[in-house]
Amino acid sequence: FSLFLRKICDHEERTFLLIKPDAVQRGLVGQIIKKFEQKGFKLIGMKFMLASKELVKNHYSYLSNEPFFPGLLKYMSSGPVVPMVWEGPNVVKNARIIIGITNPEDCIPGTIRGDFSIQTGPNLIHGADGVEEANKEMYLWFTQKELISWKPAITTWVYEGC
Ligand code: IDP
């Protein structure tokens, strides 16, 4: 029974999220974080920093052949960003749903991009697209030591039987 309990109470999936410079400039950091906090996900890493072009190049390497890539590097390194790691069941997929799809024009209200942005470029926040990508991206932005394992006091109220 305790093995079963451990299984349903340990939600080890983690995702990497990055609040982009436009969201920081527009004072939306608190509102964005609140979405994930109030859902019940667990914040395990966060910092406020400037990203070098080199770091952004690595992060978005899969887009390096796109015509908008130079503009993307400039935008992403133009001001402070807030990289974060969040933990919870299916958090990778769920965070993408909370964020909304790439083009804000097609995002439904209630999503971050749907509520607060208009164009594909300055779309406020990045969310890893899969578990593998999340693991790769979080260690690009964080060291192992910067990710904190902890048990929030709300756990027993968010998860049945924990
Ligand atoms: P995602 O952020 O929804 O995962 P990706 O296709 O991975 O979307 O693109 C990464 C980021 O690159 C987007 O969030 C956006 O900031 C930027 N981007 C994507 N497509 C375009 C475009 O056509 N023009 C300008 N910027 C773009």
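This is a predicted model: local features need pLDDT of at least 70, side-chain atom pairs count only at pLDDT 80 or more; totals for chains, interfaces and linings use all residues.

Analyst: Residues count from 1 along each chain as its sequence is written, and side-chain values use heavy atoms, with hydrogens and water left out.

User: Is His126 buried or exposed?

Analyst: His126 lies in strand β4 (residues 125-127); strands are DSSP runs of E, at least two residues, and helices runs of H or I, at least four, numbered from the N terminus. Buried means under 20% relative accessible area, exposed over 50%, and partly exposed in between (1.4 Å probe, protein chains only). At 5% relative accessibility, His126 counts as buried.

User: Which side chain makes a polar contact with the side chain of His126?

Analyst: A polar contact here is a pair of N or O atoms within 3.5 Å; within protein, one must be able to donate a hydrogen and the other to accept it, and residues adjacent in sequence count only if both atoms are side-chain atoms. At 3.4 Å, the partner is His59.

User: Which element gives the largest share of the lining of the largest pocket?

Analyst: A pocket is an open set of points on a 1 Å grid over the protein atoms alone, where a 1.4 Å probe fits, with protein on both sides within 12 Å along at least five of seven lines; lining residues have an atom within 4 Å of a point. Of the 24 lining residues, His126 is among the closest to the centre, along with Tyr60, Tyr62, Leu63 and Thr102. The largest share, four residues, comes from α8.

User: How many residues apart are Phe16 and Trp141?

Analyst: Rings of Phe, Tyr and Trp (its six-membered ring) pair if their centres lie within 6.5 Å; planes under 30 degrees apart are stacked, over 60 edge-to-face, the rest tilted. Phe16 and Trp141 are stacked, at 5.8 Å centre to centre and 25° between the planes. Phe16 sits in strand β1 (residues 14-19) and Trp141 in helix α8 (residues 131-141), and the gap is 125 residues.
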